[in-house]
Amino acid sequence: TIYSSFFDSPSRGVVFLGGYSGTGKSALVDEFVKQVTQKHADKKPIYITGKFGQIQAGEPFSAISQALSNYLVYLSTKAKDDIKPLKKRLRKADIFLGSEDAKVLSDTLIPGLQGLLKKTSNQEANGNSKDLKKSLVGHDINVIKYAFQNFMKALATSEQPVIFFIDDLQWADSATLQLLTGLLKDNALYDVLFVGAYRSNEVNDDHDFAAMMKDIKGALGEEMIHDMKISNLSPDSVGEFIADCIDRSVEDVSEITDAVYS
């Protein structure tokens, strides 16, 4: 299972979660994280999540930047001593105040990173809303990939594995797909579970995200990939749910079920 294969031994895992809009993909991931957190309270998994939007389609790294920036906002509320271990791991990965990798990440993915490295105020840690399209100028994609992979490897530990959820990948830009491909194919990456959700009806064989999935599956092998499809509830499932909610039999709520399902 996803649960045992990821949390019972050091590894990285990938879940691709397809389905139509409104089928409950995000709710399923949230419930999975809730259950994992309750059962593995000793590990305190880090949950970072970002979502692409149709309006932002084509904007480089928007969902990744959102996910990491939100996590930095959380870290900004912690005491300096609480984030010392992370800062130590980041320094070991050559990500420290004034380093080239720290500048690359601040310019392209995590505007608030410098605030974390300084840890002086919440405002600094929150970063700003600079135009990431402009920030790509002067930074080679391979340099960004290298810095991003180092950051993620420093963030994730066996004591605090990372669940990294990106939603609506059908709208992801090509630069993001390159970044994620490089991360997931990194054999030195451990303790990261990546979950990518997408609208399967909007991703055909020629879609860039379909090409990414094929690439990842070929590189990692089927044993590390969980490819799941979420479908709409059947009429029987809807009926059982309604009956359970109002403490009636399925037969008693058949008319309500028909109305809801239609």
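Select helix H10 (residues 174-184) and show its side chains. Its buried residues (buried means under 20% relative accessible area with a 1.4 Å probe, counting protein chains only) are Ala175, Thr176, Leu177, Leu179, Leu180, Thr181, Gly182, Leu183 and Leu184. Nine of the eleven residues of H10 are buried, so the helix is largely enclosed by the rest of the structure. Helices here are DSSP runs of H or I with at least four residues, strands are runs of E with at least two, and both are numbered from the N terminus.

This is a predicted model, in which local features need pLDDT of at least 70, side-chain atom pairs count only at pLDDT 80 or more, and totals for chains, interfaces and linings use all residues. Residues are numbered from 1 along each chain as its sequence is written, and side-chain values use heavy atoms, with hydrogens and water left out.

Contact means heavy atoms within 4.5 Å.

**H9 against H10**

Keep H10 and look at H9. Two packed helices are described by the angle between their axes and the distance between the axes. Axes are lines fitted to C-alpha atoms, for helices over the stretch in contact, and angles run from 0 to 180 degrees between N-to-C directions. The axes of H9 and H10 come within 9 Å and cross at roughly 50 degrees. That makes H9 oblique to H10. Angles under 35 degrees count as roughly parallel, over 145 as roughly antiparallel, 65 to 115 as roughly perpendicular, and the rest as oblique.

Which residues of H9 and H10 make the contact? On H9, select Ile141, Ile144, Lys145, Phe148, Gln149 and Met152; on H10, select Ala175, Gln178, Leu179, Gly182 and Leu183. By class, this contact has seven nonpolar, three polar and one charged residues. Ala, Val, Leu, Ile, Met, Phe, Trp, Tyr, Cys and Pro count as nonpolar, Asp, Glu, Lys and Arg as charged, and the others, Gly among them, as polar.

**H3 against H9**

The contact is made by Ile64, Leu68 and Tyr71 of H3 and by Phe148, Phe151, Met152 and Leu155 of H9. Its residues divide into seven nonpolar, no polar and no charged.

**Two loop residues**

Go to valine 203, in the loop between strand S4 (192-199) and helix H11 (208-220). Is valine 203 buried or exposed? Valine 203 counts as buried because its relative accessibility is 14%. Not counting residues up to four places away in sequence, valine 203 touches Gln170, Tyr198, Phe209 and Ala210. Draw a distance from valine 203 to glycine 18: C-alpha to C-alpha it is 9.3 Å, although they are 185 residues apart in sequence.

Then select glycine 53, in the loop between strand S2 (46-51) and H3. Glycine 53 is buried, with a relative accessible area of 15%. From glycine 53 to alanine 172 there are 119 residues in sequence and 8.6 Å in space, C-alpha to C-alpha.

**The whole chain**

Finally, show everything. The protein has 13 helices and five strands. Of its 262 residues, 48% count as buried. Among the contacts in the protein with a separation of 6 or more, 76% join residues 24 or more positions apart.

Terms used: Buried means under 20% relative accessible area, exposed over 50%, partly exposed in between (1.4 Å probe, protein chains only).
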